[in-house]
Amino acid sequence: MNDFIEEVLLTNEQIVEIADKLGKQITKDYEGKKPLLIGLLKGSVPFMAELIKHIDMEMEMDFMQATSYVGTHSSGTVTITKDTNIPVKGRHVIIVEDIVDSGLTIREVVNLLKDRHVASVKVATLLDKPDGRTVDNVFPDYVGQEIPGKFVVGFGLDYNDLYRNLPYVGVLKKSVYEKK
Ligand code: IMP
């Protein structure tokens, strides 16, 4: 474990097991369809890469970037800074997230996709922090693991763009961001 990590919440092995479980569930739920997985950059990249290995059907993948976080807190407004290349109209879309916290990002992206007349939209997230929810009625459909309201990094999750490359998810020591 790295010295800036207080506690490991999910090991790499546990993340692979989660991706296997969710991938199998998606394969079953979308039988006969060709889902379009849309990862939210940049945090979803490692989870997306693991998840798709466990989806055993025709599927497509694209990415969007929606930004709301500055440091360890949500700024409260969501801006789309990169859009999909694949047209979404009529598609069965699964948004792939690293973590759902306030629920703001997911709410905005789901509403945007509905406005674009997708056939359906669901949310798959590696982590869910229900304690952080400020938006009503945001329930991710596929959740890898619920975690307490602590700031975590690794497996795509960052603090000011650092630590995304850790192969596990861990709680970042407060001393890392409180000294700044
Ligand atoms: P929401 O809009 O508040 O649900 O936040 C979703 C986004 O906030 C995620 O995609 C992450 O980029 C970021 N985020 C929320 N909690 C954490 C955390 O504990 N560590 C790192 N990023 C986080």
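Is Asp 161 buried, partly exposed or exposed? Asp 161 is partly exposed, at 42% relative accessibility, where buried means under 20% relative accessible area, exposed over 50%, and partly exposed in between (1.4 Å probe, protein chains only).

## Basis of the description

The model is predicted; local features need pLDDT of at least 70, side-chain atom pairs count only at pLDDT 80 or more, and totals for chains, interfaces and linings use all residues. Residues are numbered from 1 along each chain as its sequence is written, and side-chain values use heavy atoms, with hydrogens and water left out.

Helices (H or I, at least four residues) and strands (E, at least two) are DSSP runs, numbered from the N terminus.

## Ligand surroundings

The shell around the ligand holds 17 residues, of which Asp 98, Ser 102, Thr 105, Lys 129 and Val 152 come nearest; a residue is near a molecule or strand if one of its heavy atoms lies within 4 Å of it. By class, the shell divides into 7 nonpolar, 4 polar and 6 charged residues. Here Ala, Val, Leu, Ile, Met, Phe, Trp, Tyr, Cys and Pro count as nonpolar, Asp, Glu, Lys and Arg as charged, and the others, Gly among them, as polar.

Polar contacts are pairs of N or O atoms within 3.5 Å; within protein, one must be able to donate a hydrogen and the other to accept it, and residues adjacent in sequence count only if both atoms are side-chain atoms. The side chain of Glu 97 places an N or O atom 3.0 Å from an oxygen atom of the ligand. Backbone N or O atoms of Asp 101 and of Gly 103 each lie 2.9 Å from a ligand oxygen atom. The protein buries 92% of the 490 Å² that the ligand exposes when taken alone, with accessible areas from the Shrake-Rupley method with a 1.4 Å probe; for residues, only the protein chains shown count as cover. Two or more residues of the shell come from each of β3 (60-70), β5 (92-100) and α3 (104-115), and β5 gives the largest share, 4 residues.

Helix α3 has 12 residues and spans 17 Å from its first C-alpha to its last, close to the expected 16 Å; the expected span is 1.5 Å times one less than the number of residues. Leu 104, Thr 105, Ile 106, Val 109, Val 110 and Leu 113 of α3 are buried. His 117, with a positive phi near 60°, follows this helix.

In helix α1 (residues 12-29), Thr 27 is buried at 19% relative accessibility. The side chain of Thr 27 reaches the backbone nitrogen of Asp 56 at 3.1 Å.

## Strand pairing at β9

Strand β9 pairs antiparallel with β1 (residues 5-10) over 4 bridges, and β8 is joined to β9 by 2 bridges, also antiparallel. Two strands pair if DSSP finds at least two bridges between them. Gly 170 of β9 stands opposite Val 8 and is also the bridge partner of Val 153.

## Backbone exceptions

Most residues other than glycine have a negative phi, and most peptide bonds are trans. The bond from Leu 41 to Lys 42 is cis, with omega near -5°; Lys 42 lies in the loop between β2 (36-41) and α2 (45-52).

The loop between β8 (152-153) and β9 (169-172) contains Phe 155 and Asp 161. Phi is positive in Phe 155, near 45°, and in Asp 161, about 75°. Phe 155 is buried, at 10% relative accessible area, whereas Asp 161 is partly exposed.
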